[in-house]
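Please keep the sequence and the model in view while going through them.

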Amino acid sequence: MMKKIFITATNTNIGKTYASINLLEHLGKKGVKIGAVKPIETGVYNIPQDAQKLLEICKKFNKNFKNLSPYDITAYTFSLPSAPFSADTNNIITLDKIIKKIEEISKLCDFLLIEGAGGLYVPILNNYFMIDLIKDLKAKALLVTPSHLGCINETLLSINALEKENIEFDWCVNLYKDKESFGVTTKPFYDIYFRKWKSLQEYIDNFNI
């Protein structure tokens, strides 16, 4: 049975694509028939860069992706680097096309990674957000959170949003920005409040399907 996970984050430039390619690489090396889809990518001028990175990993481990292009694993691409709703200046986005693309790619693999755009409440339509897509797909989410100063607030807000919608999820910290000060600015609270939490690398190293 095909399994899927939706990679989301607290905001943009947190590490969704980094997490995605490392998770795909980890599973591919274990012999898992991996696949990936980037439903919507904005800020695209010549080629969807995130989709290209995902596809390169898939091609290494799954022959079904050998002849695909980055555009084959996206439903929509837009040049404006913004939320999909704003980038879609011609109002062409439909949920049917997004769902159809995800279903199409899911037939090529045993494990499907779906990479979102921005954070949970990035609008896809005027009344439909990234978190709504996760819920409608009935996908488990991986929330990637940052390590910079102020990340506690972002992390708690995102976790509360997922819990409110009854979405199954894991979360991990991408120890990147302000990594040196994380141990004194954020880690003490996480250790007490969550008791158990993982860095992104720990999460990937222990991930199994």
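The numbered points below concern a predicted model.

1. Six strands form an open sheet in the order 2-5-1-8-9-10, and their pairing is parallel. Strand 2 (34-37) and strand 10 (198-199) stand at the edges with a single partner strand each, so one side of each has no neighbour in the sheet. In general, strands of a sheet pair through backbone hydrogen bonds, in either a parallel or an antiparallel arrangement.

2. **Strand 5 and its partners.** Strand 1 (residues 3-9) runs parallel to strand 5 (residues 111-119), and six bridges join the two. Lys3 stands opposite Phe111 of strand 5, while Ala9 has Gly119 of strand 5 as its bridge partner. Strand 2 also pairs with strand 5 in the parallel sense, over four bridges. Here Ile34 is the residue that stands opposite Phe111. Nine of the nine residues of strand 5 are buried, so this strand is largely enclosed by the rest of the structure.

3. Helix 5 (residues 130-137) lies across strand 1, strand 5 and strand 8 (140-145), and runs at about 165° to strand 1. Helix 6 (residues 151-164) lies across strand 8 and strand 9 (169-173), with an angle of about 170° to strand 8.

4. **The nonpolar core.** The largest nonpolar core contains 66 residues, and Ile5, Ile98 and Trp171 have the most contacts inside it. Leaving aside residues up to four places away in sequence, Ile5 touches Leu23, Phe111, Leu112, Leu113, Ile114, Lys140, Ala141, Leu142, Tyr203 and Phe207.

5. **Helix 1 against helix 2.** Two packed helices are described by the angle and the distance between their axes. Helix 1 (residues 16-29) and helix 2 (residues 49-61) pack at about 5°, with axes 9 Å apart. The two helices are therefore roughly parallel to each other, angles under 35 degrees being counted in that class. On the helix 1 side the contact involves Thr17, Ser20, Ile21, Leu24, Glu25, Gly28 and Lys29; on the helix 2 side it involves Asp50, Lys53, Leu54, Ile57, Cys58, Lys60 and Phe61. The residues of this contact divide into six nonpolar, three polar and five charged.

6. **Ser20.** Ser20 is found in helix 1 and counts as buried, because its relative accessibility is 0%. Which residues does Ser20 touch, not counting those up to four places away in sequence? They are Ile7, Leu54, Leu113 and Glu115. Ser20 and Ile7 are 13 residues apart along the chain, and their C-alpha atoms are separated by 7.0 Å.

7. **A buried lysine.** Lys101 lies in helix 4 (residues 95-106). This residue has a relative accessible area of 13% and is therefore buried, since that class covers values under 20%. Apart from residues up to four places away in sequence, Lys101 touches Val37, Tyr71, Asp72, Thr74 and Ala75.

8. **Two positive phi values.** Most residues other than glycine have a negative phi. Asn166 has a positive phi, near 55°, and is not a glycine. The residue is found in the loop between helix 6 and strand 9, and at 70% relative accessibility Asn166 counts as exposed. Asp178, likewise not a glycine, has a positive phi of about 60°. Its place is in the loop between strand 9 and helix 7 (179-185). At 32% relative accessibility, Asp178 counts as partly exposed.

Key: Residues numbered from 1 in each chain as written. Predicted model: local features only at pLDDT ≥ 70, side-chain atom pairs only at ≥ 80, totals over all residues. Heavy atoms only, no water. Pairing = 2+ DSSP bridges. Contact = heavy atoms within 4.5 Å. Axes fitted to C-alpha atoms, helices over the stretch in contact; angles between N-to-C directions. Core = buried A, V, L, I, M, F, W, Y, C linked by side-chain atoms within 4.5 Å. Buried < 20%, exposed > 50% of the residue type's maximum accessible area, 1.4 Å probe, protein only. Parallel < 35°, antiparallel > 145°, perpendicular 65-115°, else oblique. Nonpolar A, V, L, I, M, F, W, Y, C, P; charged D, E, K, R; others polar.
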